[in-house]
Amino acid sequence: GSQVELWPGDELITLTGNARLDYFENQASYIDPGARIELLELDEQDNGTQVTVKVNIGVTRHEVDVLLGVSDRFEVRTPSSLATAVGTDFVVSSVSQSESYYAVNAGVITVKMGEEQTAVIAGEELFAIQNQPLVTANIVYDPTETPAALALAEDTVEPTETEVPPTPTSEEEVEPTAM
């Protein structure tokens, strides 16, 4: 029930709780427990809104309930790839430094990894794994379920401390924010 105001450069870490980030009207992200995200850009300019979030690790769901215009941008980055939305509802899971998962419940996103790019439409999922082609498939889970319930891969490797920046300690100065 708390509220926090995030600014570009701020990081949000959900240990055992969930979080919701509201950016602009009809633009939000839902962060599952155990996720670590950064707000990279949040701006209104040129009669448009620009949102860029990086999911370092964990599962998130993003809703853009309005068709974005040419001056608008909504991007979700992972350590290995980038998703751009136009007006959609989609899940992003950063599994490791080299693997991400995308699932589109409504609308369409474009996923780019390296020089390769592909569209993922409603009802499709994509495992974006470095050095492998981007190939979409029909979603194999119920998109109304909590994203944390996703079984991403049997051989998923747990992140190590070198893959994810360390969590600030109580000795480090942390600027308080209001939720």
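Good morning. Residues are numbered from 1 along each chain as its sequence is written, and side-chain values use heavy atoms, with hydrogens and water left out. As the model is predicted, local features need pLDDT of at least 70 and side-chain atom pairs count only at pLDDT 80 or more, while totals for chains, interfaces and linings use all residues.

I begin with the interior. A nonpolar core is here a set of buried Ala, Val, Leu, Ile, Met, Phe, Trp, Tyr and Cys residues joined through side-chain atoms within 4.5 Å. Buried means under 20% relative accessible area, exposed over 50%, and partly exposed in between, with a 1.4 Å probe and protein chains only. The largest such core holds 30 residues, and Tyr23, Phe74, Phe90, Tyr102 and Ile109 have the most contacts inside it. Its largest share, 4 residues, is supplied by strand E5, residues 48-64; strands (E, at least two residues) are DSSP runs numbered from the N terminus. A second, separate core of 5 residues includes Val59, Val91, Ala103 and Ile139. In general, nonpolar side chains in soluble globular proteins tend to be buried together.

Contact means heavy atoms within 4.5 Å. Apart from neighbours within four places in sequence, Phe90 is in contact with residues including Arg61, Phe74, Val76, Ala103 and Ile109.

I turn to charge pairs. How many salt bridges does a search of the whole structure find? The search finds 6, a salt bridge being a side-chain nitrogen of Lys or Arg within 4 Å of a carboxyl oxygen of Asp or Glu.

One of them joins Asp89 and Arg61, at 2.9 Å from N to O. Asp89 lies in strand E8 (residues 89-94) and Arg61 in strand E5, so this pair ties together parts that are 28 residues apart in sequence. Are these two residues buried or exposed? Both Asp89 and Arg61 are buried.

Another bridge links Asp22 and Arg20, whose closest N and O atoms are 2.8 Å apart. Here Asp22 is exposed, because its relative accessibility is 52%, whereas Arg20, at 49%, counts as partly exposed.

A further bridge, between Glu75 and Arg73, spans 3.8 Å from N to O. Bridges with shared partners join Glu41, Arg73, Glu75 and Arg77 into one network.

Next, two polar residues. Glu63 is placed in strand E5. Its side chain makes a polar contact of 3.4 Å with that of Tyr30; a polar contact is a pair of N or O atoms within 3.5 Å, where, within protein, one must be able to donate a hydrogen and the other to accept it, and residues adjacent in sequence count only if both atoms are side-chain atoms.

Ser80 sits in the loop between strand E6 (73-77) and strand E7 (82-85). Ser80 counts as buried because its relative accessibility is 9%. The side chains of Ser80 and Ser100 are joined by a polar contact of 3.2 Å.

Finally, Leu67 occupies the loop between E5 and E6, and Leu67 is exposed, with a relative accessible area of 70%. Thank you.
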